[in-house]
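Please look over the sequence and the model shown below before reading on. The report takes a few parts of the chain in turn and describes how they sit together.

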Amino acid sequence: MADDLCFFTKDSFILKSPKKSPLVLRTVVLLFVMVCGVYICTICLKQISTGSTTEFLNFRVVQKPCPEPNIEPWEIPYVHYPNPKTYSRAECVCNPVRYFAIMSMQRSGSGWFETLLNNHTNISSNGEIFSVKVRRSNVSTIFETLDRIYNLDWMSSASKNECTAAVGLKWMLNQGLMQHHKEIVEYFNTRGVSTIFLFRRNLLRRMISILANSYDRDAKPLNGTHKSHVHSPHEAAILASYKPVINATTLIPSLRQVEETTKKGLEYFKGTRHIILYYEDVVKNHTKLVEVQEFLKVPKRELKSRQVKIHKGSLSNHIQNWVDVEKALNGTKYESYLHGDYRK
């Protein structure tokens, strides 16, 4: 009876747990593994792709900040790091740049002075840009032009490499400066632009230069070409051979008007960071060029120009009606203009 019971129980157990087909089980497991494998691989690939893209974008966008320059606190508004749109400053991206403008009047030596500045490896002065009227037609066009210059996007023969340390232009008082002086002063102070005033002490010599240059523009004695500046003594002698006639009656009012314009220009822009220079002082004293380089915070260099002075020596040799001019100025505060001389 016990044996029968034991047999029955074992037999019953065997019937309740029948063997499954090995092929079906293996197929199910294999499909499950494949599905899990595909899912896991898809997730991993997405994570790797996202991580690589993020790393690449970060590499291109994030830039290492430039180190703080070793300067006085008051200099900070005048130190800039332009980012030109037309090219890359490459390894010079952290080289600070100073902005400047040479304010002057025609035939005051500004052309010669600018060639001296451009003789410096790290200075770019882009010429008389606002002689073109459309560029000074209104304040907006003036600011747009200045923005291009100070962002190092203005291309000219004076443009240096990406390591420029000082960039600016030559700007005459009658080229929109006086009309828009309030807005321009605000622009200079906001953008950190420094002003270099360059004027002439002897206004009689300036008048001779203006009249001679006007004659040369029409007569063109140098092989039919007008030249405001020359680079040889021979060319200078040809241009100096012309002796203008000066209106003695209007001479003093004309000199007074130039004085007043100069005074007004200094008054308008005295609120900017500035230095005042006179052509005669720069000619006689070359330490003035050292002062300018210190003002612009550039390395000191010996600066040279190829330009040759046109009207040398006594003014009596350059004015056709010298006796009339001498009589008009004797006994006035302008008498010193008759005798002042300097050599270059």
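## Basis of the report

This is a predicted model, in which local features need pLDDT of at least 70 and side-chain atom pairs count only at pLDDT 80 or more, while totals for chains, interfaces and linings use all residues. Residues are numbered from 1 along each chain as its sequence is written, and side-chain values use heavy atoms, with hydrogens and water left out.

Helices (H or I, at least four residues) and strands (E, at least two) are DSSP runs, numbered from the N terminus. A residue is called buried under 20% relative accessible area, exposed over 50%, and partly exposed in between, using a 1.4 Å probe and protein chains only.

Two strands are said to pair if DSSP finds at least two bridges between them. By this rule β1 and β3 pair in the parallel sense over 7 bridges, and Leu169 in β3 is the bridge partner of Ala101. Strand β2 (residues 123-125) also runs parallel to β3, to which 3 bridges join it, and here Ser125 stands opposite Gly168.

## Helix α9

Helix α9 runs over residues 248-268, and at 1.5 Å a residue its 21 residues should span 30 Å, which agrees with the 31 Å between its end C-alpha atoms; the expected span is 1.5 Å times one less than the number of residues. At the N-terminal end the helix is capped by Asn247, a side-chain oxygen of which lies 2.9 Å from the backbone nitrogen of Thr249.

Which residues of α9 are buried? They are Leu251, Ile252, Leu255, Val258, Thr262 and Gly265. Seen down the axis of α9, its buried residues fall within an arc of 155 degrees (taken from the directions from the helix axis to the C-beta atoms), so they line one face of the helix. An α-helix has 3.6 residues a turn, so residues three or four places apart point the same way. What covers the buried residues of α9 includes β4 (193-199), α7 (203-219) and α12 (322-329), whereas the face turned away from the buried side carries the exposed residues Thr249, Gln257 and Lys263.

## Two loop residues

Cys66 lies in the loop between α2 (22-61) and β1 (98-104), and with a relative accessible area of 27% Cys66 is partly exposed. Although Cys66 and Cys94 are 28 residues apart in sequence, their C-alpha atoms are 5.4 Å apart in space. Not counting residues up to four places away in sequence, Cys66 touches Tyr81, Val93 and Cys94, where contact means heavy atoms within 4.5 Å.

Asn151 lies in the loop between α4 (139-150) and β3, and at 18% relative accessibility Asn151 counts as buried. The side chain of Asn151 makes a polar contact with that of Asp153, at 2.8 Å. A polar contact is a pair of N or O atoms within 3.5 Å; within protein, one must be able to donate a hydrogen and the other to accept it, and residues adjacent in sequence count only if both atoms are side-chain atoms. Leaving aside neighbours within four places in sequence, Asn151 is in contact with Pro82, Asn83, Pro84 and Lys85.

## Salt bridges

The structure holds 9 salt bridges, each a side-chain nitrogen of Lys or Arg within 4 Å of a carboxyl oxygen of Asp or Glu. One of them joins Arg98 to Glu75, with the closest N and O atoms 3.3 Å apart. This pair links distant parts of the chain, since Arg98 is in strand β1 and Glu75 in the loop between α2 and β1, 23 residues apart. Arg98 and Glu75 are both buried.

Another salt bridge is formed by Arg191 and Asp147, whose closest N and O atoms are 2.7 Å apart. Here Arg191 belongs to helix α6 (residues 181-191) and Asp147 to helix α4, 44 residues apart. Arg191 is partly exposed at 26%, and Asp147 is partly exposed at 33%.
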